[in-house]
Amino acid sequence: MVQVTIFSIIASAIALAILAYPFFVKWRRDRLRRQPFPNHWLSLIERNLAIYSHLSFSQQKQLQGHVRVFLAEKQFIGCLGLQVTEKMKVIIAAIACLLLLSDRGKYFPRLRSILVYPSAYQVNETVMNESYVVEERLTTRLGESWTRDQLILAWDQVERDTQNWQDGHNVVLHEFSHQLDQENGRAEGVPILPRELDYAIWAKVMTEEYLALCKSVERGEKTVIDSYGSTNPAEFFAVATETFFEKPHSLLKQHQLLYELLQRYYKLDPLHGRS
């Protein structure tokens with residue numbers, strides 16, 4: 001009888017802890033967001049995020065709070081002898097958190113660790129050639145996003161991207177947009193949307209724009225959206241996100257519907273601040 005009572009108490013305590021955990025997480029995050037933002041972190045953001053000055057004051061404060069939470073919850077691991085510095089962490093976190101200004105309240109929930117290489121790294125990749133023969137080959141990568149719990153970045157590419165904010169390429173934006181896409185476990189170019197009705201609009205615009213890019217690439221035409229976006233719908237979403245943040249004028253001029261779709265999703269207008 002006593003043993004059954006003890007087990008019941010333990011089970012109740014565990015159930016209570018599970019129910020209370022989301023409230024604890026929210027309390028901890030709110031507390032982190034309210035803390036003063038270090039001046040040297042702010043200087044790093046101002047020097048390395050060209051878009052930061054275009055954000056409204058409230059967006060800037062929101063981004064600062066997101067950076068605090070991100071750095072408290074994510075682990076950074078240096079690879080091949082790289083020492084991950086505070087500067088590296090702040091810059092990566094700030095760029096990634098640009099994707100969170102939509103108030104969706106999540107911080108890339110599947111992601112636990114960010115592996116940072118000094119430069120481009122090589123991996124063995126299994127592919128099927130034109131003769132349908134599976135073979136292994138060595139490929140060079142600048143980053144990748146895993147559906148489990150890791151994301152990988154090449155630091156020298158991150159630095160180049162911060163120095164060339166308007167070239168349409170940003171490895172942090174690219175890989176973290178994959179994280180948004182992978183929140184439901186699959187990378188298909190369709191992140192979790194706020195309303196069920198939004199999926200039909202998303203599918204229509206994204207499919208039309210993706211197919212249009214594929215045709216332009218086949219014809220060898222110059223495109224504002226990088227040709228890598230024609231690889232598959234998941235890569236199209238990631239590349240379109242890079243273009244939205246880095247080349248908003250060109251994207252709005254040439255792909256207005258796509259621009260407006262991403263503007264609604266991210267609740268941000270890179271040209272004029274919050275939408």
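What share of the contacts in the protein chain with a separation of 6 or more comes from residues 24 or more positions apart? The share is 64%, where contact means heavy atoms within 4.5 Å. This is a predicted model, in which local features need pLDDT of at least 70 and side-chain atom pairs count only at pLDDT 80 or more, while totals for chains, interfaces and linings use all residues. Residues are numbered from 1 along each chain as its sequence is written, and side-chain values use heavy atoms, with hydrogens and water left out.

**View 1. The protein chain as a whole.** Let us start with an overview. The secondary structure comes to 10 helices and six strands; helices (H or I, at least four residues) and strands (E, at least two) are DSSP runs, numbered from the N terminus. Of the 275 residues, 47% are buried. Here, buried means under 20% relative accessible area, exposed means over 50%, and partly exposed lies in between, with a 1.4 Å probe and protein chains only. The accessible surface comes to about 15,100 Å², and carbon and sulfur atoms hold 55% of it; such areas come from the Shrake-Rupley method with a 1.4 Å probe, and for residues only the protein chains shown count as cover.

**View 2. An open sheet of four strands.** Follow the strands in the order E1-E2-E6-E5, and you have an open sheet with mixed pairing. Two strands pair if DSSP finds at least two bridges between them. Strand E1 (75-78) and strand E5 (143-145) are the edges: each has a single partner strand, so one side of each is left without a neighbour in the sheet. From one strand to the next, the twist averages 20°. E5 pairs with strand E6 (residues 150-154) in the antiparallel sense, over three bridges. Look for serine 145, which stands opposite leucine 151 in E6. Helix H6 (residues 171-181) lies across strand E2 (113-117), E5 and E6, and runs at about 170° to E6. Axes are lines fitted to C-alpha atoms, for helices over the stretch in contact, and angles run from 0 to 180 degrees between N-to-C directions.

View 3. In soluble globular proteins, nonpolar side chains tend to be buried together. A nonpolar core is a set of buried Ala, Val, Leu, Ile, Met, Phe, Trp, Tyr and Cys residues joined through side-chain atoms within 4.5 Å. The largest one here has 68 residues, and Phe70, Phe176, Leu262 and Tyr266 have the most contacts inside it. Helix H4 (residues 86-97) gives the most to this core, with nine residues. Leaving out residues up to four places away in sequence, phenylalanine 70 touches Phe76, Ala93, Ala96, Cys97, Phe108, Ile114 and Phe176. Another core, of six residues, lies apart from the largest one, and Cys79, Leu115, Tyr117 and Ile152 are among its members.

View 4. How many aromatic pairs does the structure hold? There are 15. Rings of Phe, Tyr and Trp (its six-membered ring) pair if their centres lie within 6.5 Å; planes under 30 degrees apart count as stacked, over 60 as edge-to-face and the rest as tilted. For tyrosine 210 and phenylalanine 236, the ring centres are 5.9 Å apart and the planes are at 65°, so this pair is edge-to-face. Tyrosine 210 lies in helix H7 (residues 198-218) and phenylalanine 236 in helix H8 (residues 233-246), so the pair ties together parts that are 26 residues apart in sequence. Tyrosine 210 counts as buried at 15% relative accessibility, and phenylalanine 236 is buried with 1%. Elsewhere, Trp202, Phe237, Phe244, Phe245, Tyr259, Tyr265 and Tyr266 form one aromatic cluster.

**View 5. Isoleucine 51 in its loop.** Isoleucine 51 is found between helix H2 (39-48) and helix H3 (57-73). Is this residue buried or exposed? With a relative accessible area of 3%, isoleucine 51 is buried. Proline 270 is 219 residues away along the chain, yet the two C-alpha atoms are separated by 7.2 Å. Not counting residues up to four places away in sequence, isoleucine 51 touches Leu98, Trp165, Phe245 and Pro270.

**View 6. Helix H10 and its cover.** In helix H10 (residues 256-266), the buried residues are Leu258, Tyr259, Leu261, Leu262, Gln263, Tyr265 and Tyr266. Their cover includes H6, H7, H8 and helix H9 (248-254).
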